[in-house]
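Colleague: I would like to learn how to read helix packing and a chain interface. Please take me through it.

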Amino acid sequence: MSAFAVLGFGGSIFDVLSSKSTYSSTMRFAATLVFAATGEWIAERAGTMNISLEGMILTAAFTSALGSDLTGNVWIALLFGIAGGFLIALIQGVMSHRFGANQFVVGLTLNVLAVGITAFLAAEIDPVVTRAGIIRVPLLSRIPLIGEALFAQAWLLYLLYPLIPLAWWAVYRTRWGLDLRCAGENPQAADVSGIDVNKRRRQAVYVCGMCSGLAGTYLTIGQVGSFGADGVSGRGFIALAAVIFGGWVLKGAVGGAVVFGFFLAFGSVFQALGYDANPQVLGALPYVMAITTMILFARRGRQPASLGRPFVRGLT
Amino acid sequence: MTAAANVTETPVVRAPSAAAQRLRTVFRSLPVLAQYLISIAVALTLCGILVEVTGGSASKVMSALLDGSVRSPGAWGLTLSTAAPLLVVAAGTIVAAKAGLSNIGQEGQLLLGCAATAFIGTRADLPAPMVIVLSFLGAMVLSGMWAGLAALMKFTRKVPEVMSTLLLGFVAAQLTTFGLTRKWLLLATNNTSRVNNGEPLPDRAKMPTFTLFGNEVSWGVIIALVVTILISFVLRRTTIGFRLRALGHNSRTARRAGVSAAIVGGGALVVSGAAAGLAGGLWMTGGSAGDRFTTNVSSNIGWQGLLVALLARDRASLAIPMAFVFAALRTGSSFLAATGVDRRITDVVQAMLVLALLVPPAIASVQRRRRPRGGSA
């Protein structure tokens, strides 16, 4: 009833923070966001504000369910999921960085298209999903409090551990990453020095599509175990907020995604511990927190100088 | 392979790209209208293939859509009445877009508009036209303020409006759900169903209709047309419209010329939110949404209105026919049950149409870019 009185009650928060299930649940919700935020971070460093992230996750969530339905094999489902995310990325990349269409318009249309097409196909096909198995990593899963959260999960989640350093290395330590960051900061200078700006931006969007493919696959095969047409419900936008929250630095984006994962998980954990709170307050919490963090941090972050601006060679 | 073949190796390798080049040249040399027609045809064919692959019949779907939207008796009136809220959402979206801002939270703003209309419509004890006027005003104020929150965040804290408007939509959905759990807000006083429903709107709070060639058409259609023409006029012919467009074209120049980005841009966002609220009022009182408030009463009208604006490429005059096309797809979809194809195929058709119409102008801009400038080169 009185959610605020309950929220003000410090003991309940302590209970939530000291419970092992909080951390496990947070990681389950955060994994989707972390995969997606990593991809979005790469796309934004190259200068694309990729709002079709939501559509990429949703498409991948469906195609991976389809792959699972057809073969029952998690690896095939993973391939299907990556392909689904890549497909949306292909349209986004080509339309906005080859044909020069407005990237927000393309992204928005793709989001609506993804909602329509997955809802339609799910109604026609109704895929049955085989979940990925839970693997307990010996020793590490016995770390107190966070061991189970990090090392006793559906194995798809462990793909995060190589992905994050790989993304960091590719963006900060390779020629490709240097080109890509340059395309996001100063495309004119990049162009003059011989970098094909729009090509790099397209590639970054493709990488983002594949990361979102992982996100969607994890959501369907790892976390939920079925495809729901409204299962993504703004996660893509929360991942976008995580990138802003992180100030366009990878560790910040990942951290932000974990924080938002906590707020997504908070409702169920809070109620599982026997506390009573208004369901609408709990439901609105992740979105309110995403907005609040943007209010606090959007100004501070050093965003890529030409984020969201199309690149056209010549005078600007 | 002979030596002669080796000489021609380079062109042989490039042959597919040359063919693609030729195809592109052919496509470009077509008149603009033909480009649009081809794009639309491709989009519709893809949708048709989708229907056929999933075991339906594309021709049956087509004829069911036409029956539901225009051919069956009274369908015209229904389609026109559905087009009204779509058009108003689109007109509001165009205001924000002209100022260079992307409001994409219409669905939530429209939901709040529906809620305000239901709240005032079921309570205000006034004669018929006054109830509607008052409830529409309430809807516009509430939704305008909701979009105003995004404007405030944009111009004081640099929060991108693309994200804040959308995320606020999710909060709005939770707010209205909360409203449906309290009798002093939206919940019906004698709700017996397991789902929380709102109080039914009394007849005096419903939009009256007029008869046109045997079709019942809502007066909302007239309101929508007036609002669209008014917005179009303000944007084209007034100082404030000029400032707004200047801001959208080049915000730095506009600021140097004395345009306040916060006031004009923020105002544009508020107006677009208020338009979504008005659309919510039209939708709520128009009859197609049912007679009471529920959590999913907005049923994608906001999203579809947004697509109408995209399809019209921010031209109010084009938004009118586009709103009709989308409304026809919407009303037509209710006849799809007989064909065994899920009605959400029309959502796919709508998005594909928008995507298809992005292609010809994009190709034209690529073409313009590649053409050498003013005789140099």
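Modeller: Start with axes: they are lines fitted to C-alpha atoms, for helices over the stretch in contact, and angles run from 0 to 180 degrees between N-to-C directions. Helices (H or I, at least four residues) are DSSP runs, numbered from the N terminus. This is a predicted model: local features need pLDDT of at least 70, side-chain atom pairs count only at pLDDT 80 or more, and totals for chains, interfaces and linings use all residues. Residues are numbered from 1 along each chain as its sequence is written, with chains lettered from A and ligands numbered from 1 in the order written.

Colleague: At what angle do the axes of helix H6 (residues 106-123) of chain B and H8(B) cross?

Modeller: At roughly 25°, and the axes come within 8 Å. Angles under 35 degrees count as roughly parallel, so H6(B) and H8(B) are roughly parallel to each other.

Colleague: Which residues make the contact?

Modeller: Two residues are in contact if their C-beta atoms, placed from the backbone, lie within 7 Å. H6(B) gives B:Glu107, B:Gly108, B:Leu111, B:Leu112 and B:Ala115. Among those from H8(B) are B:Leu168, B:Ala172 and B:Thr176.

Colleague: How many residues of chain B are in contact with chain A?

Modeller: 36 residues of chain B, which meet 36 residues of chain A. Helices H7 (128-157), H8 (161-179), H13 (301-311) and H15 (345-370) of chain B each give two or more residues to that side. H15(B) has the largest share, 13 residues.

Note on methods. Angles under 35 degrees count as roughly parallel, over 145 as roughly antiparallel, 65 to 115 as roughly perpendicular and the rest as oblique.
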